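Work through the exercises below with the sequence and the coordinates side by side. Each task is followed by a solution that goes step by step.

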Amino acid sequence: MPDVRRKRKAQMRPEDQLQIAVVNLLRHSGLLFTATANGAFLQGNAAQRAIRGKRMKDHGVSNGVPDLLIFSAPKAEGDEVDKHMAELRGYEPIGLAIELKAGKNKATPDQLQWIEGLRRCGWRAEVCTGIDEVLALLRDCYPGKF
C-alpha cells in the first residue's frame, strides 16, 4: 500500500499539491470553508466519466467556481485602505473565494467570470499563484489566524 500512495503523490499536479497545502492550513484556522468539486478527478472509463460529469452538472456544479470558498467574513483590521474601500463600496466583504494556480497556469474565462461575479455579490475573490500569495491573502483577510 505505501508504494501506491507514493506513486499517487508523485502523479499529483502542482495545483493539487497547492490546494492540499492550503486546505491543511485552513483546517487548523477555525474558519468555515469548503473546496469545490470542479477540480475533482472522475474515475472510470470515458463513458463512466461522462455520466458522472453530467450528474455533477445536473446537481449544480458549475465550470469556473473558485477552488476554495471561505464563508467566514474577511477582516480589514488596521488596513485603512481596505476600510476606505469598504466605505466607498458600502460593505465589508462577506466571504473569500480563492482560485489556485500553479506554474504557468492562468485563470480561464469561466474562472474570471466567477471571480468578477462573486466580487459583485460582496465577496473578496482572488486568483493566487502559489503558497506565498495564499498566505499573504489569508494574513490580510484574517489577521492573527495565519
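The exercises go from the whole chain to the sheet, and then to single side chains.

The model is predicted, so that local features need pLDDT of at least 70 and side-chain atom pairs count only at pLDDT 80 or more, whereas totals for chains, interfaces and linings use all residues. Residues are numbered from 1 along each chain as its sequence is written, and side-chain values use heavy atoms, with hydrogens and water left out.

**Exercise 1. Determine the order of the secondary-structure elements and the share of buried residues.**

Begin with the elements, where helices (H or I, at least four residues) and strands (E, at least two) are DSSP runs numbered from the N terminus. The protein chain has six helices and four strands, and from the N terminus on they run α-α-β-α-β-α-β-α-β-α. Next comes burial, for which buried means under 20% relative accessible area, exposed over 50% and partly exposed in between, with a 1.4 Å probe and protein chains only. Of the 146 residues in the protein chain, 32% are buried.

**Exercise 2. Work out the strand order of the sheet, identify its edges and place the helices that pack on it.**

Two strands pair if DSSP finds at least two bridges between them. On that basis the four strands form an open sheet in the order S1-S2-S3-S4, with mixed pairing. Strand S1 (33-35) and strand S4 (124-128) each have a single partner strand, so one side of each is left without a neighbour in the sheet. From one strand to the next, the twist averages 15°.

Now take the pairings in turn: S2 (residues 68-70) and S3 (residues 96-100) are antiparallel over three bridges, with Leu 68 bridged to Ile 98 in S3, whereas S3 and S4 run parallel and are joined by five bridges. In S4, the residue opposite Ile 98 is Glu 126.

For the helices, contact means heavy atoms within 4.5 Å, and angles run from 0 to 180 degrees between the N-to-C directions of axes fitted to C-alpha atoms, for helices over the stretch in contact. Helix H2 (residues 14-27) touches S1, S2 and S3, and its direction makes about 20° with that of S2. Helix H6 (residues 131-141) lies across S2, S3 and S4, at about 160° to S4.

**Exercise 3. Is S3 enclosed or open to the outside, and which way do its side chains point?**

Five of the five residues of S3 are buried, so the strand is largely enclosed by the rest of the structure. Leu 96, Ile 98 and Leu 100 point one way, while Ala 97 and Glu 99 point the other way. In a regular strand the side chains alternate between the two faces of the sheet.
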